[in-house]
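This report concerns salt bridges and a nonpolar surface patch. The sequence and structure are shown below for reference.

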Amino acid sequence: MAIETTLDEASIKQSLEQFLLVLSISLSVATLSRIFSWLRQIPYTLLLVIVGLFLAFVDVRLVNLSPELILEIFLPPLLFEAAWNIRWRDLKDDLFPVSLFAIVGVIISVVGIAFPLTWLTGVPLTTALLVGACLSATDPVSVVALFRELGAGKRLTMLMEGESLFNDGVAVVAFMLLVGIPLGTSEFALDTTIARFLIFVGVGIGIGSLVGFGISYLTQRFDLPLVEQSLTLVSAYGTYLITEELGGSGVIGVVTVGVILGNFGSRIGMNPRTRLLVSEFWEFLAFFVNSIVFLLIGDQIRYSRLVENFGLIAVTIGAVLLTRAIAIYGLSALSNWLVKSQIGWRDQTILWWGGLRGSVSIALAISVPIILPGRDEIIDMVFGVVLFTLLVQGLTTQWFLERLGLVGDQPIRQQYSEAIARRIALNRVLNYLLEAGKESEIDPEFYRYELNLVQGQLKSIEEEIEKLQNQYPELRSLNMQQLREKLLDIEADTYAELIRAGRLNNQLSPVLQEILAESTEDER
């Protein structure tokens, strides 16, 4: 008994040391990538993959990835953070093309990858379908970060993020429906498959909605930032576990609860300061988890197996690129025709090339049952494709953006917005100083010094704003856009305050519900 206890303690110590090593390396690399300007050219997630590949090359294995580690521990916070920050007012405008990409696009990917793989390599169709399901989920974390840094269009970012949010859930459902076929535990029948798909999705949306709206109304009862922050964390993991236990899609459940809390619950149940604290908490958590996941993806590569299966991987990469092109260009044309989405060919090209694969694909591949013949080949093909998309497509997306003229003026707009914000803050400080100057307790000399300092800073920022307006006249339209959003936020905050005070019923009219849904805080 004493020996077993000693072995358990040694195992726990080793696991803890491995975790601390992974944490130290990943956060160090991610931090250094933001400090040194020459490293900023590479998205930090891709840099972590490269470091992981180096560790794998020198045969330093940090931790063995398991599907549970990614799906149950890493995936819920990543999904929740993305859903929390997505703006419903922007998403609903492109809900039709996003739904097409996320649902029909996954079907095209699964079938389009599976059949060429079977015809060209002789891989059994049931196995090839699993490869297609694993690789149908996109993971555009690196690309979206690049979009924001280079100032790519907000709509392009929304299309990419929206598709990824929902196709993760659809891909996991597709995998669950297909994994039993090669094992002989289930058979493919169209009506049964559609029914099971609807159950998976329906349970996920149902549980996510219950948890999301429940916590939204619960947080109206108190104003405790740490408690409300904790509730969002509990909702992410709790929704995933409960939904999976009830036979639904945990991924879809987490996305649903994140969208509801981010666009509705945070408005009616949290004051602006709490919303900002919660947003910053999730931003750090996503950065933290992404840093670990992408480092481990690179670290898990087995070079010898990739070389052995180079032919399979090459065919799979070709099939992935071809089916992605069919899905994006074909479904975009359909959406443009049906609902006049007006998704241009340049945006479509970036959506095609920026469809990277990542953590969900890896988790699904690893979760293939051990007894399934060809499991190792599935894992090798998926790892090979993920590595290609992250390193080749991920590192060349900036070149595509520049060549297609999709690099925007976001840095200038950000600089202008910060200058406007600083002017507002300095004016408030000046007003406070003018009021405080009426009090006799303040030393006159100190008061004049502070007053001159603030007035000098205000004059300097006014000159900066005027200079930017003269150089970039289009920035004036940003003032009107920000004013409109501010007015909408003030109106929504007023309704939320009345709800918290009990002067307005929770059962809002459709008009007020629409205002609360549309109004999402600008600080996110």
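The sections that follow describe the nonpolar patch and then the salt bridges.

## Basis of the report

The structure is a predicted model, and the values below were computed from it.

## Nonpolar surface patch

The patch covers about 750 Å² of nonpolar surface. Its members are Ile103, Val104, Ile107, Val111, Phe115, Trp119, Leu120 and Leu125.

Ile103 is one of these residues and is placed in helix H5. Its relative accessible area is 37%. Ile103 is therefore classed as partly exposed, since that class lies between the 20% limit for buried residues and the 50% limit for exposed ones.

## Salt bridges: overview

How many salt bridges does a search of the whole structure find? The search returns 4. Three of them are described here, among them the pair formed by Asp94 and Arg155.

## Asp94 and Arg155

The side chains of Asp94 and Arg155 form a salt bridge with an N to O distance of 2.7 Å. This pair connects distant parts of the chain, 61 residues apart. Asp94 belongs to the loop between helix H4 (88-91) and H5, whereas Arg155 belongs to helix H8, residues 154-178.

Asp94 has a relative accessible area of 5% and is buried. Arg155, at 28% relative accessibility, is partly exposed.

## Arg305 and Asp380

A further salt bridge joins the side chains of Arg305 and Asp380, again with 2.7 Å from N to O. Here too the partners come from distant parts of the chain, being 75 residues apart. Arg305 is located in helix H13 (residues 303-308) and Asp380 in helix H17 (residues 375-403).

Is Asp380 buried or exposed? With a relative accessible area of 7%, Asp380 is buried, because the limit for that class is under 20%. Arg305 has a relative accessibility of 25% and counts as partly exposed.

## Glu462 and Arg423

Glu462 and Arg423 also form a salt bridge, in which the closest N and O atoms are 3.4 Å apart.

Conventions. Residues are numbered from 1 along each chain as its sequence is written. This is a predicted model: local features need pLDDT of at least 70, side-chain atom pairs count only at pLDDT 80 or more; totals for chains, interfaces and linings use all residues. Side-chain values use heavy atoms; hydrogens and water are left out. Patches are made of residues with over 30% relative accessible area and no salt bridge: like charges are joined within 9 Å, nonpolar side chains (Val, Leu, Ile, Met, Phe, Trp, Tyr) within 5 Å. Accessible areas come from the Shrake-Rupley method with a 1.4 Å probe; for residues, only the protein chains shown count as cover. Helices (H or I, at least four residues) and strands (E, at least two) are DSSP runs, numbered from the N terminus. Buried means under 20% relative accessible area, exposed over 50%, partly exposed in between (1.4 Å probe, protein chains only).
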